[in-house]
Amino acid sequence: MTTTLDRPVTTRTRDPKELLNAVQPRIQHLTINVLDGGMTLWDREVALLLRDHTMVRDMAERILGNAVMYTVGCMEHPEVHLGVGKLVDIGVHQLILDTPVWWALCDAYNQGRYKHHAPFIERRRDGLCLRTADFLKSIGFDIDEELWAIDGTDCSPCDNKVPDSH
């Protein structure tokens, strides 16, 4: 028996490097600063992490990759409350601080809406970080188990009450 498909099957990438680099055509602001270095967005964000934090490239890439997974997961699933630990949050903040890139991420993965960052002062200690890791795995991401386990239950103080907030 032969089966044919009516429409082509497309595979949605879950590779954080590809997801980040895919937003490059959406960069609209400060393009000279962001794009004229000849780097991919991935390499740019890794270089910024290395500039501002004491770590080796492998760690910067691990942190950035998990930050991209978390960010895209939050944007694709605003109905699910997610949070990160201190280590992955370094990468999330890197993305947010590079505002032309953040804006492009919002355009691509948050239906063009700006994703706000409105943290509480106190960190959460209710296991949200570990539940987030499980959720990201359930939507096809290959998370870095070690990075998520390091902070375990000591999670970011994200606000799930502010509409469209990380």
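Tutor: Helices here are DSSP runs of H or I with at least four residues, numbered from the N terminus. Keep in mind that this is a predicted model.

Student: What share of the residues in the chain is buried?

Tutor: A residue counts as buried when its relative accessible area is under 20%. The chain has 166 residues, and the buried share of them is 45%.

Student: Nice. And which share of the contacts with a separation of 6 or more comes from residues 24 or more positions apart?

Tutor: A contact needs heavy atoms within 4.5 Å. Taking the contacts in the chain with a separation of 6 or more, the part from residues 24 or more positions apart is 71%.

Student: How are H4 and H6 oriented to each other: roughly parallel or oblique?

Tutor: The axes of H4 (residues 57–76) and H6 (residues 99–109) come within 9 Å and cross at roughly 45°. Angles under 35 degrees would count as roughly parallel, and 65 to 115 as roughly perpendicular. H4 and H6 are therefore oblique.

Student: Which residues in H6 do Thr71, Val72, Met75 and Glu76 in H4 meet?

Tutor: H4 passes H6 in a right-handed crossing. By class, their contact has six nonpolar, one polar and one charged residues. On the H6 side, the residues met are Trp102, Leu105, Cys106 and Tyr109.

Notes: Residues numbered from 1 in each chain as written. Predicted model: local features only at pLDDT ≥ 70, side-chain atom pairs only at ≥ 80, totals over all residues. Heavy atoms only, no water. Buried < 20%, exposed > 50% of the residue type's maximum accessible area, 1.4 Å probe, protein only. Axes fitted to C-alpha atoms, helices over the stretch in contact; angles between N-to-C directions. Helix = DSSP H or I, 4+ residues; strand = E, 2+ residues; numbered from the N terminus. Parallel < 35°, antiparallel > 145°, perpendicular 65-115°, else oblique. Left-handed = near helix turned anticlockwise from the far one by under 90°. Nonpolar A, V, L, I, M, F, W, Y, C, P; charged D, E, K, R; others polar.
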